[in-house]
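The following explanation is intended for a reader meeting this structure for the first time. Please look over the sequence and the model before reading on.

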Amino acid sequence: MGFVFAFEFHRVVIGTLRLVPMHRGLTSLEKLLAEKQLIESAICQNSWEIGRLVLNPDYRSGPDLVKRCIFLGVSYLAQHTDGRNLFASCTPVLSRLYRRFGFSTIANNLRVDGADESYALIHGHVPDILKSTACQ
């Protein structure tokens, strides 16, 4: 079971987010982490891939909306699962943004067969992400 979130503002969908459980062979990220031996496979248990955070361009005015969407999705995950870790792939530029939200970079400039650009792999512990993204 995974989760897909749609975020609305005044009845307009302004973004989406997807969370997929790892250690079930469902995600390409899980395979990449194992292939590159970046983490022990046991860590994938109780771990989730976070991705497909897409925001309507009309509502992109800085990191606050990204932060709020991540908080809402991860908060739901924490309430309904025993998920402890989140992993994602993103561009190196976005990995710097995600560090503000409790993630750390575990690999930079990775090339994937068939891709034109390089990727960063990031990881975060659910409690750290919730703490970093909570409204203050």
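Predicted model: local features only at pLDDT ≥ 70, side-chain atom pairs only at ≥ 80, totals over all residues.

Residues are numbered from 1 along each chain as its sequence is written, and side-chain values use heavy atoms, with hydrogens and water left out.

The predictor's confidence in each residue is given by pLDDT, on a scale from 0 to 100. Its mean over the protein is 88, and 95% of the residues reach 70 or more. Confidence is lowest in H1, with a mean of 77, and highest in H4, at 96.

The protein has 4 helices and 6 strands; these are DSSP runs numbered from the N terminus, helices being H or I with at least four residues and strands E with at least two. Their order from the N terminus is β-β-α-β-α-β-α-β-β-α. The radius of gyration, taken over C-alpha atoms, is 15 Å, close to the 14 Å that the globule rule gives for 136 residues, so the protein is as compact as a globular protein of that length. That rule is 2.2 Å times the number of residues to the power 0.38.

Buried residues, meaning those under 20% relative accessible area (1.4 Å probe, protein chains only), make up 40% of the 136 residues. In soluble globular proteins, nonpolar side chains tend to be buried together. A nonpolar core is here a set of buried Ala, Val, Leu, Ile, Met, Phe, Trp, Tyr and Cys residues joined through side-chain atoms within 4.5 Å. The largest such core has 24 residues, and Leu19, Ile50, Leu86 and Phe103 have the most contacts inside it. Among the elements giving two or more residues to this core are strand S1 (3-9), strand S2 (12-21) and helix H2 (63-80). H2 supplies the largest share, 5 residues. A second, separate core of 10 residues includes Met22, Leu29, Phe87 and Leu121.

Attention now turns to one loop. Asn46 lies between helix H1 (28-35) and strand S3 (47-55). Beyond its neighbours within four places in sequence, Asn46 is in contact (heavy atoms within 4.5 Å) with Asp82, Gly83, Arg84 and Asn85.

Key: Buried < 20%, exposed > 50% of the residue type's maximum accessible area, 1.4 Å probe, protein only.
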